[in-house]
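Me: Please walk me through this structure with questions and answers, giving the cut-off behind each term as it comes up.

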Amino acid sequence: MPPSPEAISLALLMEVPGVGPLSFRRLLTHFGSAGKVWAASRQEWCQAGATPAAWEAKEAFDYTAAAGKLRAELEETGVSLISWKDPLFPPNLLHLPAVAPGFLYYKGDLRPLQEKLTVAVVGTRRATQEGLNLAARFGLELVQAGVAVISGLARGIDGAAHRGALKAGGRGYTAAVLGGGLARIYPPEHGKLAREILRSGGALISEYRPSHPPLAPQFKARNRIIAGIAHGVLVVEAPKKSGALLTAGYGLEAGKEVFALPGSLANPNWTGSNNLLKAGAKLVTELDDILSEFQHLPFEVPSLADAFFSASERKILAAVAEKPCSLEDLPALVGLSWGEAAYTVSNLQVKKYISVNSEGRILPGPLWSRVNLGLQKGPTSL
Amino acid sequence: MYASVWGCALDGLSAQLVKVEVDVGRGLPAFEVVGLPNRTVKESRDRIRSAFRNTGFQFPPTRVTVNLAPADFPKTSSTLDLPIAVAILLATDQINWTDLGDCLFWGELSLDGQIQSCRGIINAALLAGKEGMSLIYPKSDRPAVESVSGLSAQGFADLSELVSVFNQGKPKWRISKGLRKVGVFQIPDPWQQLKISGGLLAKRFLTVAAAGRHNLALVGPPGVGKTMLVQALKELLPPLRQAEILEVARIYSAVGLEVKAVLKGEPPFRAPHHTVTLTGLLGGGLPPKPGEMTLAHKGLLFLDELPEFSRKALAVLREPLESKVIRLSRGNKCYYFPSDFQLACAFNPCPCGFHRFQPEKCRCTYREINAYLRPVIGPLADRIHLRLAVARPLWEEQASSRREAFPVSIEAARAEVENRDQARLESRLVQEGRHFLRLLFKEEQLSARAYYQLLSVASTISALEGSELISGEHLGEAWQYRWQAAEYLEGAVEDAALS
Ligand SMILES: [Zn+2]
């Protein structure tokens, strides 16, 4: 989808010398739309609280050429651009006029951010193996519970959280907010991870144009977007001075839930996390600690028992419980596509919950007794 | 008086140039052929004599010596009749136009002088095309000859027609235009034709097999229609590519099979009986003729009652399944016969045929079943990607699965499958697929070979679904065509009474 003129105007406004995030905000609040900002007279401009020098710069700015260049860049890199007026714009960011950018570059699918409970999983770049495992575990468990996992695609905890979310096999949703342009994935070794996120139906988000280099100060700035998009922030492993604490701080300012995993007192890698807990963050040892905080929100958060078997698995198990059926009748019987039915049957069969006899009949399998357990109480372990 | 013209003879799958030299000298009437001719060639003496007499030409009443050079390979066919006859006519001044250095003569003579077709015409035409020679051939072979593009050639019905044309000077060569574009195959609905209703799983299975050229096995009790399914598969196969047509036609021609269907693009279908000899499968003789495995090149080789084939026959199947070529050594010469076939096999699960499917009827012991299946299990079964257990006759299927065959283009899917780098399929796997494979590794102890086969079948399914990527759904479906009947292919059969 090509970007709206408004989105282009917004994005280019940020490129006018002398227009920083603050004056950008002021101008936008004053004029209401980027188009009006560009058309503003010197007097109106100064009334809005921006400098005359910036106005001179705006007047000197070759808008048509820059817009053409930006459109070409977007087309070439396959990146989309939306403004806050677009329906796809992450709704949580709209409530944060003070920090939110008025536009976002993205690749992939942003729709789930409209519908899903979203939790940011963040932590240090120099993580311990333990921290990595925990990040992956919570990444997976969260998406299995239907929660969107967002993070920063950084080395260490961020990457592990994304990878964990991907382990749900394309049925989970994870998005990454980058500190540089989407055509310049940083760190470079996460290029593959970024592609996998896209392939799984996730998204890559940035406030910088695709070719923009990943510069150090931008990484702090993107933490505010991570915190802004999420409903809650989970800090997995953070030493004393960690960017993750910054994210948690932005989260607190914006009134988000902040969670932390406790760590050893002897391990300086967890000092920041422990301090956060001392300051009042919610201590998390299992997934339900997080989910229980969001009961008041209008999201359908399935219980863990539901996550144990996917929706299609439950459909098939229920059908088999009623009477043995054949692979051929199954798709029509439970309303799945042929492929979905085959995949689900294969999975259940390999896990021995069901078996298929030589006539092609699907019957309860050796581990059928656990199926009931899974359907009712949830698994003993994942 | 001496004269020489060019002929050719089959050596394996290719025709080799043979220089036919004739010397008509003094002496008592005699007709001698030297240069490794076999019996057929020696018989040509009698055919040529009669043909001369019956068309009014004079056979020299002196000593005639024919030399076939080079002498290092045996000439088996009667196709040297025509060049020998023409050389004799030249040597005895019965043809005026002598500029025959660029002509390649091909054909058998009947006693009344007709020029008759014989096996190897495509091979001869390919040789003439390669050497830039003009082919003189039996008129009845025109469709075959004209499939080789750019070839200058002329067909003649009998010896006197040939001589009268040659006496008027250089003949007008016809330049062949090559194969006509194979039109889009109007695939009739094979399901309808074979009255297969229902059987959704079997239909899908065959669609996948046709699109991916995967080797397949059908296991089930007698009388459930396994053979019929293979016939349906044959109908589903996409037509041969332009480039493949001559490759296959030359094999067919070399053994004297009708090439008409092949030239239209119909893929070969060979179904040798289980009593077939090793030579019948592999090819043999001197010079060697291709066997069933080569005749099924680019097509389907169907082995019904697989365990009934001799153990040696099943052993020789393995190599070409991997290398797609058969190597035959004859003296110091090696012949390579292409044998890129798709293997379809069908068999009963046990000697009586009811094991596991109708257990109450089966009285076979564990020992008997395993002895019966032993030739199949192991290396051969390892090369079979798709397995289907056929439990009940398909025409008895319930009408519950009303949805008919999957609406897909097998031809397009085949093109996509062939386009994909088989060594890099893993790069197409989505996370969910990896996840499922890991589960299979853990729970089913999947071998590396089985892993790659599963991936390749899943890739075919994804191509059928029009997907670039291989998802869990594709792998899940592929798995359904792998585990079925596994016990009969992997040697884990237990006594029906025990299970
Ligand atoms: Zn039996």
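Chain B has 19 helices and 19 strands, where helices (H or I, at least four residues) and strands (E, at least two) are DSSP runs numbered from the N terminus. This is a predicted model, in which local features need pLDDT of at least 70 and side-chain atom pairs count only at pLDDT 80 or more, while totals for chains, interfaces and linings use all residues. Residues are numbered from 1 along each chain as its sequence is written, chains are lettered from A and ligands numbered from 1 in the order in which they are written, and side-chain values use heavy atoms, with hydrogens and water left out.

Me: What percentage of the residues in chain B is buried?

Reply: Buried means under 20% relative accessible area, exposed over 50%, and partly exposed in between, with a 1.4 Å probe and protein chains only. Of the 499 residues in chain B, the buried share is 57%.

Me: Which residues of α15(B) meet α7(B)?

Reply: Contact means heavy atoms within 4.5 Å. From α7(B) come B:Thr207, B:Ala210, B:Ala211 and B:Gly212, and they meet, in α15(B), B:Ile410, B:Ala413, B:Arg414 and B:Val417.

Me: Is A:Ser273 buried or exposed?

Reply: A:Ser273 is found in helix α14 (residues 271–278) of chain A. Not counting residues up to four places away in sequence, A:Ser273 touches A:Val235, A:Val236, A:Glu237, A:Ala238, A:Ala260 and A:Leu261. Because its relative accessibility is 0%, A:Ser273 counts as buried.

Me: How far does the backbone nitrogen of A:Ala238 lie from a polar atom of the side chain of A:Ser273?

Reply: A:Ala238 is among the residues that A:Ser273 touches. From the backbone nitrogen of A:Ala238 to a polar atom of the A:Ser273 side chain, the distance is 2.9 Å.

Me: What is the area buried between chain A and chain B?

Reply: The contact takes 27 residues from chain A and 36 residues from chain B. Buried area is the accessible area (1.4 Å probe) that two parts lose on being put together, summed over both. Carbon and sulfur atoms give 55% of the area buried between the two chains, which is about 2700 Å².

Me: Which residue is joined to B:Leu286 by a cis peptide bond?

Reply: The peptide bond in question has omega near -10 degrees.

Me: Is A:Leu153 buried or exposed?

Reply: A:Leu153 has a positive phi of about 60 degrees although it is not a glycine, and is found in the loop between β4 (148–151) and α10 (157–166) of chain A. Because its relative accessibility is 0%, A:Leu153 counts as buried.

Terms used:
Polar contact = N/O pair within 3.5 Å; in protein donor to acceptor, adjacent residues only side chain to side chain.
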